[in-house]
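Me: I have a new structure open and would like to find my way around it. Could you walk me through it?

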Amino acid sequence: RLPFLSRLIHRKHFTLETFYSGLPSTTPAVQAELFFGVKAAVPAFQFIRRRDGREFRMYEPGSAGELEEELLRKCPEPLLQGAHAYSNIFRAGAERSRYCARDFAPDEVLKQLHPFKLLILSIVYLPKIIRVGLFSLIEVGVALWDVIRGEFAREHLIKEITFIPARVGVCALLREAIRLRVLLDIERGVQVVHANFLGYDEQAHRRGPGSAFAHWTLKGIDATLRDIYHDAVHSRYRDYEVMIYSDHGQERTESYFQRFGRELDAALREVFSAEVWIRKMPKTLGNTLDQCRPILGIHRKSKLLDGTPDPTNEIVVTAMGPLGHIYLPGQTEAAELRRYPALLVSQAGIPLVLLPAEGDCARAFNSRGEWLLPRDRAEVLGADHPFLDEAAEDLVRLCGHPDAGDFIISGWDPRQPPLSFPLENGGHGGPGREETAGFLLVPDRVRHWHVAHLAETRRRVRGVDLREIVMHYLGRDGERHERVAPAGTSSEALAIRVMTYNIHSCVGIDGKIRPERVARVINQFDPDVVAVQEVDFHRPRTGGHDQAQVIADHLRMNHVFEAMFEEKRERYGIAIFSKYPLEIVKTGHLTAAGPGIGREARGAIWARIDVGGRSTFHFINTHFGLRPAERDLQARELLGPSWLGAIPRDEPVILCGDFNCGPKSAVFRRLQQDYMDCQWSLRDVKPKSTFTSVNPFLRLDHVFVSDHFRVKSVEVPRTPTAVVASDHLPVYVELAITGSK
């Protein structure tokens, strides 16, 4: 249904991961978790705040703004600090926001009105405005056809017609407006942009998640993402990364009215008019049961009270989807509260009723009896639920929310079709299999760190995990990621990840100087130690950056740089990055520049690396010359008593770099007499060339190891980023130290 994104996945630009929404499975709850790191920040899309009895609806500016201020007090560093944000519930510290819930407050609308600016933009972007108009006309035509289809399906004609303006506004006008603003942000080089595209969700509520009209909207979103992705990839100012996620899914639902032929408030009136309830209620509330008041989202024919809810004197019900809350007036004894869930299930036909229990638990009631969460999660959610453990924990957390109702009602039962309390064909908010399941597309440059991270979190992502991934990517997590090996374990099969990479002064084949891009190619594989060659330091040709420091900052790794060329402040050389502490044993030239030797001085860095007290190995990075005679001298010096020859035979050694020679050369054969070439060490794996990155035909970059190591895997990545970042491809090797000899 998303052809462009499908192609990106097929071409390995992205990997597809499962995103778990948490509970409630709504955008406000997911965004609160993603932006602020707070799980279950809201009990539902609509709820009553108990401390003052006010109604909160998260699409309203006042409700969203007030809750955001509370979240900011809990999290002083929101994810979108300094970013631009579009169409979110929360701004989350964004420097500029448009179409977010708070932006529709009257004072905010007035701030954003700039008639002269709007006139200029209308003239400059007239073709794009015409495009938006054409999309709107197409959407109107599709909407009218949908109305005709709905009439044949016996839908409510008036409601079908009144939905057309909202549909055109969300599916065409808003989408195109966000698209234009995001493209402008990319052109300006805005560092972080977050956009939330609506449309599918609204159509899925109306017609069902599998409907042709919902999928039509998906195709429009897919085309918009295509334009954004292409502009981001070709940005002149920043090396952008595009991450795409769906914060929740949609469950195909049957409405309460369709199943039972009556409205929810009528069923609740029967339950709460029992004699035992009237006896326990104050006399002034004798008519409350006739006023059982769904606030919004429950379609009803009975005449109910209008105006602001009064939870101190009324039974208040909030149920905008498959999840709702029932707030009872006054204080009710726990024993009495325990009586009503069974009645709600048996008399009102509600599939699942929840209320808190002692000891961080929750009581759950369905047609099969009473259960305790999280213990009986399989009976409540279904043994095949994809997020069984997480959803059970989140239901307990939801029951304990200070603004949750006395009873939480849900349309989920694993043994019957999902139910939604309003009239809708698709819903979300509850713990269902589909409504809690979103997706995440992870770019290739973030993939390896991301997958390694997920291995510790059950290989699925929720809001707090995605927040951590993005903060790590932006360099805002404050960690150096120095590996510490577990104490008290042997050094057998200790894993070491190594990479060698000629970074070509961070000048890509597109001519752009991007140290950050090189760092992300490296970070994709999360190596422990990296050897890089052709590194610039304060050279005007590459923007005057200390490239080794820039890359080290992105990787959160220790580093050492050795200059092979030096003139005033300009330097050019090689570097080592390590997640473990580095002890520099020796740095220097193997051969100096001069007539008959080579145009450039060539050298090496020799470091001793301590793997958290479990093992120590020697790591040498070098860059040989272009001429055979020059390389011969450099190999003799490197293998001689001043360098490798000084290392005792019982100590592990890793030698890597750009040797500017292939496997058939004399220098390569000489090195292989004492050390093992990693690419040739694996059976049934054909060695891969590393130069040029666009069309590799020479194997110039090598990793050699002593016989203390076992080679587990070797990879020469040809991802789109690796191809463009340098004229060489990196070599990534996973090793195991098998013990000293």
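Reply: Here is a short tour, going from the whole chain to some single elements.

Me: Ok, what kind of model is this, and what is the mean pLDDT?

Reply: This is a predicted model, and the mean pLDDT of the protein chain is 85, with 81% of its residues reaching 70 or more.

Me: Let's look at the open sheet of six strands. What is the strand order?

Reply: The order is β22-β23-β21-β20-β31-β30, and the pairing is mixed. The edges are taken by β22 (558–567) and β30 (709–715), and because each has a single partner strand, one side of each is left without a neighbour in the sheet. On average, and ignoring direction, neighbouring strands of this sheet are turned by 20° against each other.

Me: Which helix packs on it?

Reply: Helix α19, residues 515–523, packs on the sheet and touches both β20 (494–502) and β21, while its direction makes about 150° with that of β20.

Me: Do β21 and β23 run parallel or antiparallel?

Reply: They run antiparallel, with seven bridges joining β21 (residues 529–537) to β23 (residues 570–578). Within this pair, Val530 stands opposite Phe577 in β23.

Me: What holds strands together in general?

Reply: Strands of a sheet pair through backbone hydrogen bonds, in either a parallel or an antiparallel arrangement.

Me: Switching to the hairpin of β2 and β3, how many residues lie between the strands?

Reply: There are four residues between them, and in this hairpin Gly53 takes a positive phi near 70°. The two strands, β2 at residues 46–49 and β3 at residues 54–57, pair in the antiparallel sense over four bridges, and Ile48 stands opposite Glu55 in β3.

Me: Next, helix α18. How far does it reach?

Reply: Helix α18 (residues 463–474) has 12 residues and spans 16 Å from its first C-alpha to its last, close to the 16 Å expected at 1.5 Å a residue. Just after α18 comes Gly475, which takes a positive phi of about 75°.

Me: Why is α18 said to be largely enclosed?

Reply: Nine of its 12 residues are buried, so the rest of the structure largely encloses α18. Among the buried residues of α18 are Asp465, Arg467 and His472, as well as Leu466, Ile469 and Val470.

Me: Last one, Ser689. Where does it lie?

Reply: Ser689 is in the loop between α23 (678–681) and β29 (701–705).

Me: Is Ser689 buried or exposed, or partly exposed?

Reply: Ser689 counts as partly exposed because its relative accessibility is 22%.

Me: And what does Ser689 touch?

Reply: Leaving out residues up to four places away in sequence, Ser689 touches Pro696, Phe697, Leu698, Arg699, Val716 and Leu729. Its C-alpha atom is separated by 9.9 Å from that of His702, which is 13 residues apart from Ser689 along the chain.

Terms used
Residues are numbered from 1 along each chain as its sequence is written. This is a predicted model: local features need pLDDT of at least 70, side-chain atom pairs count only at pLDDT 80 or more; totals for chains, interfaces and linings use all residues. Side-chain values use heavy atoms; hydrogens and water are left out. Two strands pair if DSSP finds at least two bridges between them. Axes are lines fitted to C-alpha atoms, for helices over the stretch in contact, and angles run from 0 to 180 degrees between N-to-C directions. Contact means heavy atoms within 4.5 Å. pLDDT is the predictor's confidence in each residue, from 0 to 100. Buried means under 20% relative accessible area, exposed over 50%, partly exposed in between (1.4 Å probe, protein chains only). The expected span of a helix is 1.5 Å times one less than its number of residues.
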